[in-house]
Amino acid sequence: MHHRTPSPTTRTPLTGRTGRTGRTVRTSRSGRTTALLLTAALALLAGCGGSDPGSGDGARAEAAATKAAPVAVPKVVVPPGLPGMPPVRDPKDIYAADRPGMLSPVVKNFPSRVYVPNTHSDTVTVIDPATYKVIDTIDVGRQPQHVVPSWDLKTLWVNNNRGHTLTPIDPATGKAGEPVEVHDPYNLYFTPNGKYAIVMASLDRELVFRDPHTMKILKTEPVTCAGVNHADFSADGRYFIVSCEFSGELLKVDTEKMKVIGQQKLDFDGAMPQDVKISPDGRTFYIADMMADGMWVLDGAKFTAPKLLPTGKGCHGLYVSRNSKEMYISNRGEGTVSIFDFTKNRLTKKWHLPDGGSPDMGGVSADGKVLWLSGRYDSEVYALDTATGKELARIPVGGGPHGLAVYPQPGRYSLGHTGVFR
């Protein structure tokens, strides 16, 4: 696997003369005397009205005085990202590499497909998004929960939660490989530098850091909350926020140390946090909550108590648009999708599925024009027009469809889940 080292720590360029470059400038006694006389002359001119400061001797004297007394420029140090992480392309938009057409050379020749894990059928349904037709059904392990793109974009991992395996799928051919034994793989993420895979072992109450290729255990971090399931990383990759579904808690984890460094209980009786997503500017985390019927708005750096923004019954999945302006929020309990505008910092629209449904997990098409969501309780998949919210297709699949993956998608690397790319 190829790793890129982070850009070195940078400082704001400093310009000017004495006091800005850090060099000591020595002056003679006669030079100091001249400077004092010049200052006195300026004071006298100011008291008498003086010359026009925009012309002649007055302008030259003012310029000389300014150079003699420079204003110190503070040094600004830009904190480095996680070692080995590809540098952020645009500090104002961490999703800048996810624009339509920005397919990595690794995936550009992969056929466009929608992979749907069916938790009750122990299968993955494969859909051709161009025709909205099912073209294949792949047998996998027991209770597949999510289809997860690997960090290097070369493999799709099916998380067979109760079968305690990961089934690899080759996205070039659509063929499944030999399952890899991994205990309790409810969900799967990758550190931004590609160094570790992170298995969300929900019932085991563990974050298990593994080799991203062989899945060999490298470190296990026990947690005291119940139901670790979803996560997202800070802009610099140095920490990530984890939702704990069954105890209504959030964790903050140091990526490099692989250690929990913060934990808090959500202020809602019976809270069940689900999907986690960071804002394009990297300042805010949003956490869907299916019992609080909204998403929590969290300052990840401070990790103070978040505020709840109501969206709809059964708030579940969070997906950023290809232009980074909006976020699609699936409300599983009422068959709707809410639209959050990042610039306006508020909800702006709500789409209603015409015949109801249970929109759950999914992703956005590579061109950004279609939002794909699984219908968790209805054995179907929905395709919605992202410009209008119109339902384009409703496709029958296996029982209990869950974390479907649209693949390939733009981006340089994958952070996991159903496709979080940067």
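Modeller: A search of the whole structure finds one disulfide, a pair of cysteine sulfur atoms within 2.5 Å. This is a predicted model: local features need pLDDT of at least 70, side-chain atom pairs count only at pLDDT 80 or more, and totals for chains, interfaces and linings use all residues. Residues are numbered from 1 along each chain as its sequence is written, and side-chain values use heavy atoms, with hydrogens and water left out.

Biologist: Which cysteines does the disulfide join?

Modeller: Cys225 and Cys244, with 2.1 Å from S to S. The two are 19 residues apart: Cys225 is in the loop between strand 12 (217–222) and strand 13 (228–233), and Cys244 is in strand 14 (residues 239–244). Strands are DSSP runs of E, at least two residues, numbered from the N terminus.

Biologist: Are Cys225 and Cys244 buried or exposed?

Modeller: Both are buried. Buried means under 20% relative accessible area, exposed over 50%, partly exposed in between (1.4 Å probe, protein chains only).

Biologist: And Cys315, why does that count as buried?

Modeller: Because Cys315 has 0% relative accessibility.

Biologist: Other topic. Where is Phe268?

Modeller: Phe268 sits in the loop between strand 16 (259–265) and strand 17 (273–278). Phe268 counts as partly exposed because its relative accessibility is 33%.

Conventions
Helix = DSSP H or I, 4+ residues; strand = E, 2+ residues; numbered from the N terminus.
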